[in-house]
Amino acid sequence: MTIANKFSTDAARRVARQKLAEATGGKPHKGQRAFGWKDAEHVDEWEAELLRKARQDVLRGATIATIHKEWAAMGVRSPQTPGGKTIGYTSVRYVLRNPRLCGYRAYIPQEVRERSGRVDPAEYLVERTDGTPVVGKWETIFTPDEWRELIDELESRTSSGTGRKKGSAVTKRLLTGIARCAKCGGGLSSGLYQHGTTSYEKHGYYYYCRVADGGCGKLSRSGPLVEDYVEKALLDDLKRQARTVKPAEEDPELTTVKATLKQIEADKAEARQLRADDLLSLAEFAREIRRLEEKERTTKETVSTLSATPARAGSAAARVVREWKSYSVDMKRQEIQRNIEAVVISGAGKGGAQQGVFRPELIEIVWK
Ligand SMILES: [Zn+2]
């Protein structure tokens, strides 16, 4: 706080207050190196290794508190750690969430930094107009996917309140576990894009191959676009199924039985007429009606058995198509799993996953 000592003007105090806010938030200001780097551009291998190991540990279920305890025991210090002390908990949290790790630039407005010492840099990514993050020129420690995976893991814990056990799904999306990574075959999980980003506004969530679930961690794809594609393909297939059984191609036996049913109706009407005309005694009428009703009951059973067998596939498919919009995610998942073995998604190559350009050729639906 040399500045505050040198000057006593309001301006100097404001600068000091800002620097203090920056220091408690762990944010390195201009000129000061960031944790993980020797200078503005070059990685500090020892600190980078600590960060990589911490990420792996967090994905396996370790808490920030555990990482902090380990680092403190090792005497780890951040560039902002006061003399004679080891790195603080807030700083550990900050350096692990720092978008700088994967090359993304974050900008935290001065007034936000002043308001709170616990600013999350992941919430303040600088984006281009097309929604892609602005990338800095420094050496990186994580890939963007690795960084997002770490953020998702940490975020899923705060949203559920109590530390979530690794591997359990936060939200079961339409294709969770149905969509698979083409590279490693792993079932995909889902995660939320960063709040405030264009990707979040546009798509909300994405599917990705999660290392913590045993996947390769190399794939992520915007959620709604993949879902729309799969839903459309499924509904097209169901419509085709519905069309294959035409009402005209009715089972001949069914036609006969239906005619019998009509005859029974007519016989009942005739019996009633005979009774009304007093040509049938009450006893005869009762016996005749009971006989006809019994025949009607067994005939109706035959009708429902016959119409249930061959025509059912078609009419069931038609019903699903008709009612699809009112289906819950669980009901849709069931219907998808009845028809689809897996949805295999291939990587778009470097940078392709974040562009928001939908490429159906990278999605393969494996039908049952
Ligand atoms: Zn994978």
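Student: What share of the 368 residues in the protein is buried?

Tutor: In this predicted model, buried residues make up 26% of the 368 residues. The protein has 12 helices and six strands.

Student: Why are helix 4 and helix 5 called roughly perpendicular?

Tutor: The axes of helix 4 (residues 64–73) and helix 5 (residues 89–97) cross at roughly 110 degrees. Angles of 65 to 115 degrees count as roughly perpendicular, and helix 4 and helix 5 are therefore described in that way. Their axes come within 9 Å, and the crossing is right-handed.

Student: Which residues make the contact between helix 4 and helix 5?

Tutor: Helix 4 contributes Ile64, Ala65, Ile67, His68 and Trp71, while helix 5 contributes Tyr89, Val92, Arg93 and Leu96. By class, this contact has seven nonpolar residues, one polar and one charged.

Student: What makes a residue of helix 4 count as buried, and which residues are buried there?

Tutor: A residue is buried if 20 or more other C-beta atoms lie within 10 Å of its own. In helix 4, Ile67, His68 and Trp71 are buried.

Student: How do you know that the buried residues line one face of helix 4?

Tutor: Seen down the axis of helix 4, the buried residues fall within an arc of 100 degrees, so they line one face. These buried residues pack against helix 3 (45–59) and helix 5.

Student: Which exposed residues does the face of helix 4 turned away from its buried side carry?

Tutor: That face carries Ala65 and Ala73. Each counts as exposed, because 12 or fewer other C-beta atoms lie within 10 Å of its own.

Conventions: Residues are numbered from 1 along each chain as its sequence is written. This is a predicted model: local features need pLDDT of at least 70, side-chain atom pairs count only at pLDDT 80 or more; totals for chains, interfaces and linings use all residues. Axes are lines fitted to C-alpha atoms, for helices over the stretch in contact, and angles run from 0 to 180 degrees between N-to-C directions. Helices (H or I, at least four residues) and strands (E, at least two) are DSSP runs, numbered from the N terminus. Angles under 35 degrees count as roughly parallel, over 145 as roughly antiparallel, 65 to 115 as roughly perpendicular and the rest as oblique. A crossing is left-handed if the near helix is turned anticlockwise from the far one by less than a right angle, and right-handed if clockwise. Two residues are in contact if their C-beta atoms, placed from the backbone, lie within 7 Å. Ala, Val, Leu, Ile, Met, Phe, Trp, Tyr, Cys and Pro count as nonpolar, Asp, Glu, Lys and Arg as charged, and the others, Gly among them, as polar. The arc is that of the directions from the helix axis to the C-beta atoms.
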